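Here is a short briefing for a reader coming to this structure for the first time. Please look over the sequence and the model, then read on.

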Protein chains: 2
Amino acid sequence: MSMEFISVRDAWKVVLDKALSKVRLDRLTIQVHKSLGYFIADDVIAKVSYPKRNIALFDGYAVRAEDTTSASINNPVALRIVYSNVIGPFEAKPINVGEPLPGGANAVIPHEYVNLEGNIIEALKPIEPHANVALRGEDVRSGDIIASKGTYIDKFLYALLLRAGLNEIPVFRRIRVGILTIGDEIVRDMNLYLTKEDVVYDITSPLISASLTTYCDVIDLGIIKDDESAISHIIKNVENIDVIITLGGTSLGKRDVTVKVMEKEGEIIFHGVSIVPGRTMAFGLIHDKPTFMLSGFPVAAFVQMKLLVEPYVLKVYNAKIRVFPILAELSRRISSTIGFLNVVRVTLNKQKGKVIANPLRLRGSGVLSSISLADAVLLLSEDIEGFEAGDIVSVYKKEEPWGFAYVEGDFP
Amino acid sequence: MSMEFISVRDAWKVVLDKALSKVRLDRLTIQVHKSLGYFIADDVIAKVSYPKRNIALFDGYAVRAEDTTSASINNPVALRIVYSNVIGPFEAKPINVGEPLPGGANAVIPHEYVNLEGNIIEALKPIEPHANVALRGEDVRSGDIIASKGTYIDKFLYALLLRAGLNEIPVFRRIRVGILTIGDEIVRDMNLYLTKEDVVYDITSPLISASLTTYCDVIDLGIIKDDESAISHIIKNVENIDVIITLGGTSLGKRDVTVKVMEKEGEIIFHGVSIVPGRTMAFGLIHDKPTFMLSGFPVAAFVQMKLLVEPYVLKVYNAKIRVFPILAELSRRISSTIGFLNVVRVTLNKQKGKVIANPLRLRGSGVLSSISLADAVLLLSEDIEGFEAGDIVSVYKKEEPWGFAYVEGDFP
């Protein structure tokens, strides 16, 4: 009736070692129009240069920058307005934003920097070569790599892929994660929840599902009672799923059947991780499938997911992910559970240009408010006893992949 | 042939003054299951308390904390194991995580802090009242406001609403934003783009659309040529749209027809805002509909949208939005266009526990890479000449509603 706790970083090494190769991701060729939310599977090469020619970024006059070198308000330089395809010395051609520069021109003077006198403009100050011009290929250059393997396709990259002339790109298929909720007391019927004392509405599975949907296809495997043979039946028969997450039943009580069943169906690699909240997590290869056994409590499950499941799927995609902390001043002293990685939920406030982090007093693994009200998390490593009021700490917005930064050692 | 530029903050005052009351948002009652992405329209009251009773957060023994006051490893306190519904002095009842505490008990001792000796446990250290217990109503309390008007429903609040026993909630209907792309040269046909010199693939509308979709229903009104009567026809006949965004044609060139047409169809309130990039933006009430006329260039349009359109829709929802900066050390000197709000795109890197901001050299309003590659933006107000290398600056992740923080004056 006791549990050994391994550190999150050791757990991570084990997960990588045992499970990284278990998910084989085929490459798909998909239309860029349908590519949001996928990861690039091979370096992508631009097919066109953009801009295709040097173009004006402002309305004004296309000029030769060198003609304006001596221009000033007291000594304006006169340039003759022309409408030809090529301009010569001391000539200027009216141009609109977005239009290609005429031959000979290398800069654009905006309207407000000239006086217009009949068919002459007076330049009132010197202009640098290439000023107010987007140069051919400045944005993307044909033949260049514009997105490398492992890059997540967000709306900015999506737009860049189209600009680079791509219709189709290679991506990894999305990882398929099945979520199975385990527990006699869990219901999805609001009337039952409102009227019976001993039932709990299922909120952990939608929370975990919505979190992983950014990167994965999440399949709801439903709720199942604490019944060993029923769980065993489901686990034997899942199809078309790469990774299994179970929620609930990872403790050591009589009703905590999850780990007991999984031991019979496969190999439990660890049970117990030194995280607060969330120490009862287990991990194994069940029928050779990576299986993360998380708590039924929403906050514990969320923390376990952020620290080990999200980093795992990101690693399978070979993802390039960067996470940056917000520096904040701690509003009050906090103490840590020594030997555990403490994930403290904090709200943030601005005061006189500083960001203040207020640790929430609600710290239970079952207290959903502690993550719902929080803006960010503060991680206290195993060997840190706590922080004092006024200490400057690094916090991470709760939705960011902060667990990936932690397990990869990329941590302040 | 010139333009007056008003400051972003003045533009914001005008937008609020002229347009805030133009969009009437009905309240809908919707199922919580379908509520992700809506804003709460009325304070929401919890229907149940959760936990419903005091429950154990760990496996162990339910005890009376006061019995353990003198416990230590050298002087353990003996407690007798019982299985009754109420415990008395120096009794302990085995309990599993999630189970309600028996009467009389007010704390849980985890297994690892006791020695088990037959039907006696020895407590090895004192335990505080309520330790390892989630108290009745600690998470949500029946009758309390659990979400106030203007709160955005993300996955955490979604879970909390279900926990609070809610089936249905009042929300504002989503604002309907129509996006009309204007320009002879804009195409959505990749073959045309790859083969013709003078065409531009439409990337601005998907970028703006994907950004606003978080808060609004976005309706694509298509691409239309620089043809005054055709634009006028569309604008007269839009139905079921609250806010119009046009992309392109806001400059002063011959082909820049957008503002010319809109002047005939309604009232242009400003044309020209002191932003770099993005100064050619216009705003008006066209057929009494708030109409934001943005640049056709993707970066300019993105900046204009973040600074004035996104804050406007958030204000219509009466949204409670909090944005926090990342403090970073500037890698090199940057200078500003004086008199303009400069939105500089930066990449971030971690070095020796510090975050370093590297301003991208690609600063043109047409250079999509400058926002695609960027991690964050750095805002230089009108009166700031620039920053030196090594200066500590506040930057905002590019996807955050940083424009709302800026126009509302909530800015470092």
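**Two helices side by side**

H4(A) and H7(A) are roughly parallel to each other, because angles under 35 degrees count as roughly parallel, over 145 as roughly antiparallel, 65 to 115 as roughly perpendicular and the rest as oblique. The model is predicted: local features need pLDDT of at least 70, side-chain atom pairs count only at pLDDT 80 or more, and totals for chains, interfaces and linings use all residues. Residues are numbered from 1 along each chain as its sequence is written, while chains are lettered from A and ligands numbered from 1 in the order in which they are written.

**Helix H4 against helix H7**

- Helix H4 of chain A spans residues 204-212 and helix H7 of chain A spans residues 298-316. Helices (H or I, at least four residues) and strands (E, at least two) are DSSP runs, numbered from the N terminus.
- Their axes come within 9 Å and cross at roughly 25°. Axes are lines fitted to C-alpha atoms, for helices over the stretch in contact, and angles run from 0 to 180 degrees between N-to-C directions.
- H4(A) supplies A:Thr204, A:Leu207, A:Ile208 and A:Ser211 to the contact, and H7(A) supplies A:Pro298, A:Ala301, A:Phe302 and A:Met305. Two residues are in contact if their C-beta atoms, placed from the backbone, lie within 7 Å.
- Six residues of this contact are nonpolar, two are polar and none is charged. Ala, Val, Leu, Ile, Met, Phe, Trp, Tyr, Cys and Pro count as nonpolar, Asp, Glu, Lys and Arg as charged, and the others, Gly among them, as polar.

**Helix H1 against helix H7**

- The axes of helix H1 (residues 8-19) of chain A and H7(A) come within 11 Å and cross at roughly 40°.
- On H1(A), the contact residues include A:Trp12 and A:Leu16; on H7(A), they include A:Tyr312 and A:Lys315.
- This contact has 10 nonpolar residues, no polar ones and one charged.

**Chain A meets chain B**

- Each chain gives 63 residues to the contact.
- H2(A) brings the largest share of chain A's side, eight residues.
- That side divides into 33 nonpolar, 14 polar and 16 charged residues.

**Symmetry**

- A rotation of 180° with 0.0 Å of shift along its axis superposes chain A on chain B, with RMSD 0.1 Å. Copies are superposed by least squares on the C-alpha atoms of residues with pLDDT of at least 70 in both.
- That is the relation of a two-fold axis.
- In chain A, the C-alpha of A:Ile326 is nearest the axis, 2.5 Å from it.

**Confidence**

- Chain A has a mean pLDDT of 93, and 97% of its residues reach 70 or more. pLDDT is the predictor's confidence in each residue, from 0 to 100.
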